[in-house]
Amino acid sequence: TIATVNGTGSQTANLAILRTLFKMGIPVSGKNMFPSNIQGLPTWYEVRVSEKGYIGRRGGIDIMVCLNPQSMARDVQEVEPGGYFIYDNTKQIDLRLIRNDITYIGLPLTRFCLEQYKDPRRRQLFKNVIYVGALAALLDIEFNVLTGLVADQFKGKDKLIAPNVHALELGFQYAKENFDCPCTI
């Protein structure tokens, strides 16, 4: 599950994960969950990966990517014991949210965006792309399939391909250098 804020460009990043897994031949389905379409409110995107081809929702969350500070307390409680909680560690996580039965993976998403991009809108959009790159490393998603998908998605808008691939590479390299990849669930 990916927890974000509605209107931050997360839908494109979430679909990149889904489509890449599908292109890799992995049975997958996705579902947007949000209380309304009002910009600024919480939104969640669930990706179901099942070797048996199940596409319906199931109870429990194995991996939560939390980019929404307002829903973080709720989101961390949704993770199954033994699962992973991935968050932006540019700001220290509230110690009251720490559980000893899950693994925390902090990514410096905001720091990367502040260092790499001047435009505030690009910072928000590329934060989503960076976490997708990190997920590719953490989940052993074929990076060349992911970058190929980006090239297809922005065909005809070639100036957008290189910055998106760069953002993917930032997340991918950071995860490879700082965590045991792929993680085991």
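**A close look at the sheet**

A: Let's start with a pair: strand β1 (residues 2-5) runs parallel to strand β4 (residues 61-66), and two bridges join them. Strands here are DSSP runs of E with at least two residues, helices are runs of H or I with at least four, and both are numbered from the N terminus; two strands pair if DSSP finds at least two bridges between them. This is a predicted model, in which local features need pLDDT of at least 70 and side-chain atom pairs count only at pLDDT 80 or more, while totals for chains, interfaces and linings use all residues. Residues are numbered from 1 along each chain as its sequence is written, and side-chain values use heavy atoms, with hydrogens and water left out.

Stepping back, the open sheet has six strands, ordered β2-β3-β1-β4-β5-β6, with mixed pairing. The edges belong to β2 (28-33) and β6; each has a single partner strand, so one side of each lacks a neighbour in the sheet.

Now for a residue in β5 (residues 79-88), namely Ile 86. Ile 86 is buried, at 4% relative accessible area (buried means under 20%, exposed over 50%, partly exposed in between, with a 1.4 Å probe and protein chains only). Val 65 is 21 residues from Ile 86 in sequence, yet their C-alpha atoms are 4.6 Å apart. Leaving aside residues up to four places away in sequence, the contacts of Ile 86 (heavy atoms within 4.5 Å) include Ile 63, Val 65, Ile 105 and Leu 135.
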